[in-house]
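This briefing covers charged side chains and their partners. Please have the sequence and the model open while reading.

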Amino acid sequence: MRHLLGNIAVYTIALFLLGAAALFGWLRSAQVVLTDEGTLLERFESAPARQFDWKQLGREGYMRNCANCHGEKGRGWDQYPGLAGIDRMLAFPGGREYLVDLHLYGLTSDRWGAPMPPMGHIRDAELAAIIDYILTRFGAGQIPDQKLFTPEDIEDRRGKNLSPSEVNARRPL
């Protein structure tokens, strides 16, 4: 009887550990975010456009959604590209649209080992702030305010249903 109870305990613990590992794997692969973006954006969306602190919202959004791959300082690592000089994209025809599409629809490229996942789940105000943060933080020069992205710029590019490969084909550089 003692061996039977011991075996039951061992198998119960093993099943629990396997279930916990499967749950952790699913959470990690689904990129489940445990923060509520609606709560975060409440303090920003009530303010008129460009009067909220987009730098803070962009930094928080970058740290939550992008820093895992591109690094806190935007240097990238291994199969993830660095973001230095990303503002050069704005000088090319279609560069603005490409930057938005890249974030909304993701990117698959032979240039890098890992695809960039689509970030279409991020609301327009936060996505515009994240792109502006990336451009001003990791870009080579100063971006004039009229060149910064607005939530309307993001909204205009939604619904295009581009594949990550199509986004890569539109890369201006």
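Buried means under 20% relative accessible area, exposed over 50%, and partly exposed in between. By that cut-off Asp101 is buried, because its relative accessible area is 0%. The model is predicted. A search of the whole structure finds 5 salt bridges.

- Asp101 pairs with Arg170 in a salt bridge, with the closest N and O atoms 2.3 Å apart.
- Asp101 lies in helix H5 and Arg170 in the segment after helix H8 (164–169), so this pair ties together parts 69 residues apart in sequence.
- Arg170 is partly exposed, at 34% relative accessible area.
- Asp101, Arg157 and Arg170 belong to a network of salt bridges.
- A salt bridge also joins the side chains of Asp153 and Arg96 (3.1 Å, N to O).
- That pair links distant parts of the chain, with Asp153 in helix H7 (residues 151–157) and Arg96 in helix H5, 57 residues apart.
- Asp153 is partly exposed at 22%, and Arg96 is partly exposed at 23%.

- Arg158 forms a salt bridge with Asp124, the closest N and O atoms lying 2.6 Å apart.
- Arg158 sits in the loop between H7 and H8, and Asp124 in helix H6 (residues 124–138), 34 residues away.
- Asp124 is buried at 19%, whereas Arg158 is partly exposed at 30%.

**Surroundings of Leu104**
- Leu104, in helix H5, is buried with a relative accessible area of 4%.
- Beyond its neighbours within four places in sequence, Leu104 has contacts that include Leu127, Ile154, Arg157 and Arg158.

**Surface charge**
- Arg59, Lys73, Arg75 and Arg137 form a positive surface patch.
- Lys73 is in the loop between helix H4 (67–70) and helix H5 (95–105).

How values were computed. Residues are numbered from 1 along each chain as its sequence is written. This is a predicted model: local features need pLDDT of at least 70, side-chain atom pairs count only at pLDDT 80 or more; totals for chains, interfaces and linings use all residues. Side-chain values use heavy atoms; hydrogens and water are left out. Patches are made of residues with over 30% relative accessible area and no salt bridge: like charges are joined within 9 Å, nonpolar side chains (Val, Leu, Ile, Met, Phe, Trp, Tyr) within 5 Å. Accessible areas come from the Shrake-Rupley method with a 1.4 Å probe; for residues, only the protein chains shown count as cover. A salt bridge is a side-chain nitrogen of Lys or Arg within 4 Å of a carboxyl oxygen of Asp or Glu. Lys and Arg count as positive and Asp and Glu as negative; His and the chain ends are not counted. The place of a charge is taken as NZ of Lys, CZ of Arg, CG of Asp or CD of Glu. Helices (H or I, at least four residues) and strands (E, at least two) are DSSP runs, numbered from the N terminus. Buried means under 20% relative accessible area, exposed over 50%, partly exposed in between (1.4 Å probe, protein chains only). Contact means heavy atoms within 4.5 Å.
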